[in-house]
Amino acid sequence: MHGLINRAVQAFVISTYGDKRWGEIMDDSELGFSEFEAMLVYPEDQSSRMLRALERNLQRPLAEILEDVGTFLVSNPQVEALRRLLRFGGVNYVEFLHSLDDLPDRARLAVSDLHLPGLELIEQAPGQFDLLCQPGVQGYAQVMTGVLRAMADDYGALVILDQSGTRDGADVISITLIESEFAEGRAFDLGAHSL
Amino acid sequence: MMTFDDLAALASQVCPMHVMIDAEGTVTSHGPTLLKLCDGDDWKGKSFFDVLDLQRPRWVKTISDLLETAGCKLHFQLREAPHTRMKGVLVPLPDGQGAFINLSFGISVLDAVRDFNLTSQDFSPTDLTIEMLYLVEAKSAAMEASRQLNLRLQGAKIAAEEQAFTDTLTGLKNRRAMDHVLNRLISGGRDFALMHVDLDFFKSVNDTFGHAAGDTVLQRVAAIMVDCTRKFDTVARIGGDEFVLVFEGLMDRNRLQDLARRLITRLEEPIMYGVDECRISASAGTTLSTELASPDPAALLHQADVALYAAKRAGRAQHMFYAPGLEAEMVEHDTKSA
């Protein structure tokens with residue numbers, strides 16, 4: 001799995017539970033190193049061992065932890081860059097949802113060896129969407145659920161998210177948009193970033 | 001028939017950074033994004049050249065020159081701070097009614113977005129500016145992550161070099177490795193012989209033929225030493241032309257003497273460096289770990305050194321074993337020669 005993904009989990013654990021916890025998890029994983037490098041690619045089984053150790057250590061279901069990882073990725077100031085990149089997707093939440101189809105291509109544009117599984121947004125009815133997450137990265141749909149939830153807050157939209165099973169091998173997240181301008185979202189300034 | 005207002009409205013959707021001027025060069029209308037550039041002081045009614053300074057092509061001095069540029073790439077700069085640079089293209093309107101000029105920030109878009117607080121609504125949906133800004137941010141973030149990785153790898157490389165056990169020139173073990181081997185043998189209670197070899201005439205090779213020749217000689221010396229010893233013996237280069245050989249379990253003085261003789265003979269064979277013939281020799285001193293009741297690396301190295309010194313004094317190309325009297329002789333000799 002790409003180092004960026006492993007590194008995201010690492011950043012989440014360290015920021016939420018502290019360095020010591022991360023140290024325990026990596027010791028338990030028996031990978032022989034204590035930190036993932038964002039720009040290297042790791043074999044699948046190393047990521048799986050880390051995730052299993054993570055689940056054991058935190059004593060919470062992995063799906064739940066991964067959803068928190070997704071939320072962390074968007075809402076934590078440490079990883080502001082990612083939130084900004086996602087906000088380029090559109091000026092409101094619906095536009096953002098539609099931009100998800102392009103997300104794997106956008107990710108590859110930024111980091112050429114980062115291959116994210118495909119995403120497909122299907123509009124079932126106005127305000128009612130299904131997001132199909134293709135298989136390929138363990139826990140992808142869970143992380144995406146966290147991301148979608150946090151991005152809704154970011155745009156100030158009120159949504160209900162539900163992981164509603166699988167369709168043709170893809171995990172389905174159903175998204176119900178209750179109100180697109182429920183609250184004041186976080187500001188997004190195109191040029192705020194010092195380049 | 002399309003009216004002027006229809007055209008302005010259409011253009012504002014498709015080209016939010018357009019300007020229309022009349023035949024005298026007065027701005028008659030412009031796209032909404034440009035409003036953000038003029039800081040409340042609308043360009044409408046102003047002379048086009050009072051707002052924008054045309055920098056290229058240089059031959060354009062007047063409005064009628066400008067109207068001649070149809071289709072060419074134009075370079076402008078805002079007259080007011082922050083003097084943002086822009087690119088443009090002009091199309092004359094029919095019947096001498098003036099011209100339509102479309103502007104773009106070009107590469108200065110990154111600064112412009114910040115300076116004028118632009119948002120995605122300020123660009124046409126088909127404009128690739130937003131994608132470009134995305135790409136710049138994405139690449140900057142990825143580059144920063146790569147830069148951090150490079151810094152860490154650089155640090156790790158330096159640390160690894162410091163911890164290295166290999167002499168990079170010859171591929172032999174280095175002094176650190178030798179210390180490590182001696183400590184391991186001693187703490188494991190193993191017997192071993194320690195031979196200190198010093199090259200003779202190496203300095204003159206360096207002085208006569210240069211350092212590259214010296215390096216070639218050292219590499220050849222290393223190959224000969226490896227060739228003359230067993231696979232599990234340790235051959236280390238511990239200084240410029242100083243070597244230490246450690247023979248685990250080889251305590252037979254006759255065999256060690258033979259080995260040293262053979263080694264010195266081989267080292268005396270001429271070594272070719274291009275057309276030059278480099279000739280060196282070597283002296284060697286050996287001690288056995290059994291010389292000391294409780295062996296200690298520093299003490300053994302000292303004994304081997306004393307033996308080497310005695311060998312050199314006995315004439316070059318000699319090999320000597322350490323003997324307890326040698327230190328006294330050495331002192332005596334030094335006193336005599338002093």
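## The main core

In this predicted model, the largest nonpolar core holds 47 residues. The ones with the most contacts inside this core are B:Leu194, B:Met195, B:Val217, B:Leu245, B:Val246, B:Ala284 and B:Ala307. If you want one element to look at here, pick helix α10 of chain B, residues 297–313: this helix supplies the largest share of the core, 8 residues.

Leaving aside residues up to four places away in sequence, B:Leu194 touches B:Val244, B:Val246, B:Thr286, B:Thr287, B:Leu300 and B:Ala304. One of these partners, B:Val246, is also listed with B:Leu194 among the residues with the most contacts inside the core.

## Getting around chain A

Chain A has 8 helices and 4 strands. Walk along from the N terminus and the elements come as α-α-α-α-α-α-α-β-β-α-β-β.

Of the 195 residues in chain A, 35% are buried. Now take the contacts in chain A between residues at least 6 apart in sequence: 58% of these join residues at least 24 apart.

## A sheet in chain B

Over in chain B, 6 strands make up an open sheet, with antiparallel pairing. Reading across, the order is β2-β1-β6-β5-β4-β3. At the edges sit β2 (27–30) and β3 (52–56) of chain B, each pairing on one side only. From one strand to the next, the twist averages 35°.

## Where the chains touch

The contact between the two chains takes 15 residues from chain A and 21 residues from chain B. On the chain A side, the elements giving two or more residues are α5 (80–87) and α7 (103–110). Helix α5(A) gives the most, with 3 residues. By type, the chain A side divides into 11 nonpolar, 2 polar and 2 charged residues.

## How confident is the predictor?

For chain B, the mean pLDDT is 90, and 97% of the residues in chain B reach 70 or more. For the complex, the predictor gives an ipTM of 0.74 and a pTM of 0.63.

Methods. Residues are numbered from 1 along each chain as its sequence is written. Chains are lettered from A and ligands numbered from 1 in the order in which they are written. This is a predicted model: local features need pLDDT of at least 70, side-chain atom pairs count only at pLDDT 80 or more; totals for chains, interfaces and linings use all residues. Two residues are in contact if their C-beta atoms, placed from the backbone, lie within 7 Å. Ala, Val, Leu, Ile, Met, Phe, Trp, Tyr, Cys and Pro count as nonpolar, Asp, Glu, Lys and Arg as charged, and the others, Gly among them, as polar. A nonpolar core is a set of buried Ala, Val, Leu, Ile, Met, Phe, Trp, Tyr and Cys residues joined through C-beta atoms within 7 Å. A residue is buried if 20 or more other C-beta atoms lie within 10 Å of its own, exposed if 12 or fewer, and partly exposed in between; C-beta atoms are placed from the backbone. pLDDT is the predictor's confidence in each residue, from 0 to 100. Two strands pair if DSSP finds at least two bridges between them. Axes are lines fitted to C-alpha atoms, for helices over the stretch in contact, and angles run from 0 to 180 degrees between N-to-C directions.
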